[in-house]
Amino acid sequence: MVLDNKRGVYQGGKSGPIIVAGRPEESEMFLRVSLPPDHDDVMPKKGKVLKDSEIRLIELWIKNGAKWSDGALKIFPEAELALSQPELPKDSKESHPVDKIMDSYFKEKKLKWPEVVDDRTFIRRAYLDILGLLPEPLKIDQFVTDRDKEKRARLIDELLGDTHNYTQHWLSFWNDILRNDYSGPGFITGGRKQITDWLYKSLLENKPYNVMVKELINPTEASEGFIKGIKWRGLVNASQRTEMQAAQNIGQSLMGVNVKCASCHNSFVSNLTLEQSYGFASIFADSLMELNRCDMPIGKMAEVNFLYPELGSVEAESVKERLLLLSEVMVKPENGRLYRTITNRFWKRLMGRGIVEPVDEMDNEPWNADLLDWLAADFVHSGLDIKQLLKTIMTSKSYQLETTRLENQEELQKGYVFDGPILRRLSAEQFSDAVSQIVAPMYYAAAYDPSNEDLPFKRIWHREIKFDRDVLPEPGKRYFRNSFNLDDKKIRAAKALISVDHSYTLYLNGKKISEGTDWRKVDRLEVADKLVQGKNLLAIEGQNEGAIANPAGILFAMKIQYEDGTQLMVTSNDKWKSTDKLPEAGWTGTKFDDDSWQGVRNYGSSNWDKLVNFTFEGPIREFARASLVKQHPFMKVMGRPTRENVATTRDEQATLLQALELTNGEYFNGVLREGATEWLKKYGASHEDMVLNLYQRTLGRNPTEKERGIMLGVLQTDEKEEALQDLFWSMFISPEFQFIY
Amino acid sequence: MDKDLPINARRDFVKKMAAASLSAASTSIPLASFLSSCTSDPAITSKADTIILLWMAGGMAHTETFDPKAYVPYSKGVESKRVLSTFPKVPTIVDGLHFSQGLESIGNVMDKGAIIRSYKSADLGHILHTRHQYHWHTCYEPPQSVQAPHLGAWIAKELGPVNPVIPPFIAMGQRFTVGEAEELKAFHSAGFLGSEYGPFLIPDPSTGLDSVRPPQGMSLKRFEARYKLYKELANKSKIMEGGSDYQRESLMRSMEQSYRLLNSPEAKVFDLGQEPKEVYNTYNTGRFGLGCLLAKRLAMNGGRFISVSTEYEPFLGWDTHENGHIRAAKMKALIDRPIAQLIKDLDESGHLDRTLIILASEFSRDAIMEGRPGEPVQDQVDQPDIIEDEKFYGMHRHFTDGSSILMWGGGIKKGLVYGKTADERPCSSIENPVVIDQVHQSIYHALGMHPETNYTIEGRPFYTTPDGQGKPILDLFGEKLVS
């Protein structure tokens, strides 16, 4: 008996029809499924018996005439594809278009406008939203005392003009959506590709959104990582072929439609069918795709199509041509869904809740359809200028309202009523960058460095072997030597950079010239007066710490500039030699015989990111922006997603693992220790200065008398460093710091 | 209706009906409730509260460990195809049950547990260890369109901690700085369940205490004062005025929980220094052995899901691409004593009854066959037909058609041997083959978790095992096998 088509259903089983329209009590189908689970005649015979709700549905259906819905799989509501181009209300006193719409919304809901935030709250919010950084105290003071009525709009313009910082904040948002990361499964076997360079440049130049979409869908080499997906070694489930991933990710990220469910069987969360998702995936496939239902081929070949055929055909001979067609079809202004989806994401990022939720299900009812479509249409009219869209939202009074207080999470769900922005938690990146700004760098090294100065150095260490295999080095001391010759020319300047995981002592021609214990830092040395003509010798005693084998490595570069304008570079590379046995005295000098030493191993770069200060050029950067840093346990626990799948919403809920990391995590507490030392050097003489600075820099305000008193009291101790660490900690943990008010 | 209706055909059918009647009937019954599969079956009685997973990472050859075949000693010029086992068999405490030499201690506790000899790993094509490990731990083949949770995360989410100050999912022994680290991280994760249920990682059990006490160098007094300071400042802040706010409150609540945990006497559970020297020495065969010791302490004090891994590092540990015989001997020496001691100690203290211990590996190894019969995959190791060098003596290829899983406690039948592999190559599972869904469902069954436990992600239900399929192996528990 067949139940998945009309004929089969009405034909029934061997003994005839099973349905009497209008009379469930006479219908075999209803009677059999309603039997107790252990009855001999219960249906279905194998597998699970039907749930009560399913049985009730069958009863209801038969009672209502057992009508078959031909072609009508469209039982879920669908949003109009085109934007509705709403007109702005004419009777509002508000001047900003968004506020005009919100004015009628509030009137309709019989709500009063909430209060607008003060300047201090606004500047902190605006900085965090555009740059992901905190404003400096001086900047806050200037802003607060500025009498210009247009100062908020001016500030927004100014911040949007800070292109690198803007990019380094918004990069995380796009990385999440576009499933782009610096590390993760797939890279090891070449089954995955970054689009970071393309993305960074696109944001830096504020590329119009339609151009970005076109370049993602019909990509160049720099942007192909998005539709290429993640390929693991071996066989994969049919619903996870990279072509299907492309369809799923474009669906979710760009169009706000769930293709995933329909890539295994007809969707039960939307109207999409298996045929449609295979048709969509076929655009990216260089051969015919056979439909698979739940990973089983069903003997039917897919026909190329896009989910919204009314936008135009994507049929063509080659993948290349189809991608071009799809990229053109997707960005048509008629495809309002594309623009509505991204507009809604921006609204959510800035206001804490989307106009449609969940943000990946754009067929759901918006709480204000006019608002969404007006913003999206305005975005299209502006030439798809992303910064302009941000500005439009942020200059509205609606963005500048006080955050609303929610008693429970349910208030954000069905029946949500806008009453001001939602309280947002600092993202993992915002939190890390704020700590870097205020106390000490959280990160010194970036996975992607936009400045890209390529120095020819390698990360080297003693080669260690177990069962004929290169393995991670054991803890302990290792000794390194490298000799080089200098021409008979006058030296103008010689600079060296060194960073060693974990610690080192550096000798040049037998003399100790530097030592360091922090593997994350770069030491910068002037070495001109220590060099000699002819043979010179670099020697390093390196130490790998820890209890078990773990990564260790030396990074060294020396640039010698001669008076005649030529230069010589000496770097750590595989010509260096090493030993794990304590050498005899004199091993740091030129005369020592190191013939018995072995060649070092290049440990590559996978365990270390690029130290942003390992550079001979440019201004020394204080810290690496968290968005550019490889996924790190601290950020992971603070909510930065692993980007193996598209991640469009971050969980902002506080968790115990997070609290543990903040409370006793060695990494975070180490940064606080480092910061306390620095602060004491800087403000040591004045407790008042420290307390004032701490409040201004973390919370953007002065302490109250009470707060000031408590903090000064804590500093009344001989253990000043510890006291200061505890003050830092108390500030960073506090809700006032961790939320964007 | 004389045919079983596959789950998706049924779903489509229900949807068609709904299209015709529901939309018209303007009923308030939410559609999703018909189309997803929440159930209201009565709860299952649990047999265990705690799970300990002893993970043999890297592919442990069944023929060299718990399912020995004909022993062919090394001699120069021996043919690879003749080599089925490189160790002699030794008897265990259970009549007729033999293990490979070097596993005598574990053999001695088999009267307290069961062995499954017929586990079949998935066929995932060209073999990548971490992909099979992902599959073993999540029950899903990577990649998935959403991030699949680890078995331990499901358990942490569904059952929560046994002792509120001991994290419900603890993973020991694996570092994430080795090769395939990103692939390892991919399944050491709570996935879409949220990081709250993710693993509490202790790569080195001897330093486990550091993760549960105040930061290094901080006295208890200072730790307490610091927390008070934060509370006082937070409560005085003007943002605390004007009504409650769930986000702020959940943040402060999590800080309080963490403070309590780090300040609680339970922290000493993580301190291996509390063990008598001789006990410590019995367990201490290395990091894995100490992991077993910490697992014992956690199980006795309210751990929920605890895994101890021999650690995966490509080409090391059980991943023997050469010198297989010598290295298998070393691995057996690493695991034999501490595992046996763990079983004994939990048994003597009475905890074994409510603790289910599982020993497993992602797949097995063989001297000749890569993959499984009939599904050839790319060889990764050159194995000569004639062995002229001892380094080629051992199981160096990846075999997915038969391997062993051991289980003790938690209602597991004592002395049971379940399933069988062939005595001649290929040493495939030939009786009662077991696949991963059944293993997971058996674990959930022991814990009293519903077989159709699921979580709605992106609008659709995601089950602990794909589509909620797979049945627990009730025979393991000594219950009547239901066909």
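Which residue in E16(A) is the bridge partner of Tyr479(A)? In this predicted model, the partner is Thr579(A). The pair belongs to a stretch where strand E8 (residues 476-486) of chain A runs antiparallel to strand E16 (residues 577-579) of chain A, the two being joined by 3 bridges.

E8 and E16 are neighbours in an open sheet of chain A, in which 6 strands follow the order E11-E10-E13-E8-E16-E17 with antiparallel pairing. The edges of this sheet are held by strand E11 (511-516) and strand E17 (598-599) of chain A; each has a single partner strand, so one side of each lacks a neighbour in the sheet.

Stepping back to the chain as a whole, chain A contains 25 helices and 20 strands. Its C-alpha trace spans about 105 × 70 × 55 Å along the principal axes. Chain A has 741 residues, and 46% of them count as buried.

Strand E1 (residues 290-293) and strand E2 (residues 296-301) of chain A run antiparallel and are joined by 3 bridges. Within this pairing, Arg293(A) has Met296(A) in E2(A) as its bridge partner. The hairpin has 2 residues between the strands, and Cys294(A) takes a positive phi near 50°.

Chain B provides a hairpin of its own. Here strand E19 (residues 454-457) and strand E20 (residues 460-463) of chain B are antiparallel, with 4 bridges between them. Opposite Thr456(B) stands Pro461(B) in E20(B). There are 2 residues between the strands of this hairpin, and a positive phi near 50° is taken by Glu458(B).

In total, 98 residues of chain A are in contact with 91 residues of chain B. On the side of chain A that touches chain B, at least two residues each come from helix H3 (52-63), helix H20 (656-664), helix H21 (666-683), helix H23 (705-715), helix H24 (720-733) and helix H25 (735-738) of chain A. H20(A) supplies the largest share of that side, with 7 residues. By residue class, the side of chain A that touches chain B is made up of 44 nonpolar, 29 polar and 25 charged residues.

Notes
Residues numbered from 1 in each chain as written. Chains lettered and ligands numbered in written order. Predicted model: local features only at pLDDT ≥ 70, side-chain atom pairs only at ≥ 80, totals over all residues. Pairing = 2+ DSSP bridges. Contact = placed C-beta atoms within 7 Å. Nonpolar A, V, L, I, M, F, W, Y, C, P; charged D, E, K, R; others polar. Buried ≥ 20, exposed ≤ 12 C-beta atoms within 10 Å, placed from the backbone.
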